[in-house]
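I opened this structure for a walk through its parts. My notes follow in the order in which I looked things up.

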Amino acid sequence: MNIILLGPPGAGKGTQAQKLVEDRNMIQLSTGDMLRAARTSGTEMGNKVAAVMDAGNLVTDEIVIGLIREQLEAGGDHGGFIFDGFPRTLPQADALGDLLTEMGQSLDCAIELQVNDEILVERILGRAADAVAAGGTARADDNEESLKTRLMAYYKQTSPLIGYYYAKGMLNSVDGLGSMEAVQSEIATVLDA
Ligand code: AMP
């Protein structure tokens, strides 16, 4: 089963993806994590995307499609892929469909985590404050300025994907505002249907 988790930054995509990895032996493919790893290891691509990410803008389709292609080609035995933070643009969505078709696979559904914007902003700024309180450092893009840019990028570039997957008959929306367990159980209901 291959699924997409859709939703604005802070909607809980990463948290829910991790639960699916634990419970269903699925593989989480987070382009955000891949890009952060590229930055940490200081690859040429990582250095190139750093400023774009910190500002809260999207990196190019070419880069993220390349990252996803590499992961899909790695293969292995598992319960399917969870696309987390990808696709974020219509060209990325088309590319994902093509990549899966090339591999003789397909997408089963897109799950939209619905949240309210104000709660979202509180969550993200809370995530930054928690990281600092725990003695760590907040993600460089978890600040108010880049958050505004990330939200705008979501509404301008990513939210059209909701209509895109609806038209393909693949969209399922869940209430992303409940407890972690409540959201998890709504997702389970969709996947087991
Ligand atoms: P995330 O961890 O998913 O919030 O991603 C962090 C940042 O990485 C985003 O704000 C973008 O700068 C970049 N990014 C992650 N995934 C994508 C994607 N699919 N397309 C373009 N940029 C991305």
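Pro87 sits in the loop between β3 and α5 (90-102). I checked the peptide bond that joins Phe86 and Pro87 and found it cis, with omega at about -5°. I note here that the model is predicted.

Next I looked at the sheet. I read the strand order as β2-β3-β1-β4-β5, five strands in an open sheet with parallel pairing. The edge strands are β2 (27-30) and β5 (171-175), each of which pairs on one side only. From one strand to the next I found a twist that averages 25°.

β2 pairs with β3 (residues 81-84) in the parallel sense, over four bridges. Within this pair I found Gln28 opposite Ile82 in β3.

Asn25 belongs to the loop between α1 (13-24) and β2. I noted a positive phi of about 55° for Asn25, which is not a glycine.

I moved on to helix α8. This helix, residues 160-167, lies across β1 (3-6), β4 (109-114) and β5, and runs at about 145° to β1. Which residues of α8 are buried? I listed Leu161, Ile162, Tyr164 and Tyr165. Seen down the axis of α8, these buried residues fall within an arc of 160°, so I recorded that they line one face of the helix. On the other side of α8 I found Tyr166 and Ala167 exposed. I also looked up what the buried residues of α8 pack against: β1, α5, β4, α7 and β5. After α8 comes Gly169, where I read a positive phi near 75°.

My last entry concerns helix α7, residues 144-158, which holds Ser146. The relative accessibility of Ser146 is 3%, so I counted Ser146 as buried, the cut-off being under 20%. Which residues is Ser146 in contact with, leaving aside its neighbours within four places in sequence? I found Asp54, Ala55, Gly56 and Asp141. For Asp141 I also looked up a distance: its backbone oxygen lies 2.5 Å from a polar atom of the Ser146 side chain.

Key: Residues numbered from 1 in each chain as written. Predicted model: local features only at pLDDT ≥ 70, side-chain atom pairs only at ≥ 80, totals over all residues. Heavy atoms only, no water. Pairing = 2+ DSSP bridges. Helix = DSSP H or I, 4+ residues; strand = E, 2+ residues; numbered from the N terminus. Axes fitted to C-alpha atoms, helices over the stretch in contact; angles between N-to-C directions. Contact = heavy atoms within 4.5 Å. Buried < 20%, exposed > 50% of the residue type's maximum accessible area, 1.4 Å probe, protein only. Polar contact = N/O pair within 3.5 Å; in protein donor to acceptor, adjacent residues only side chain to side chain. Arc of directions from axis to C-beta.
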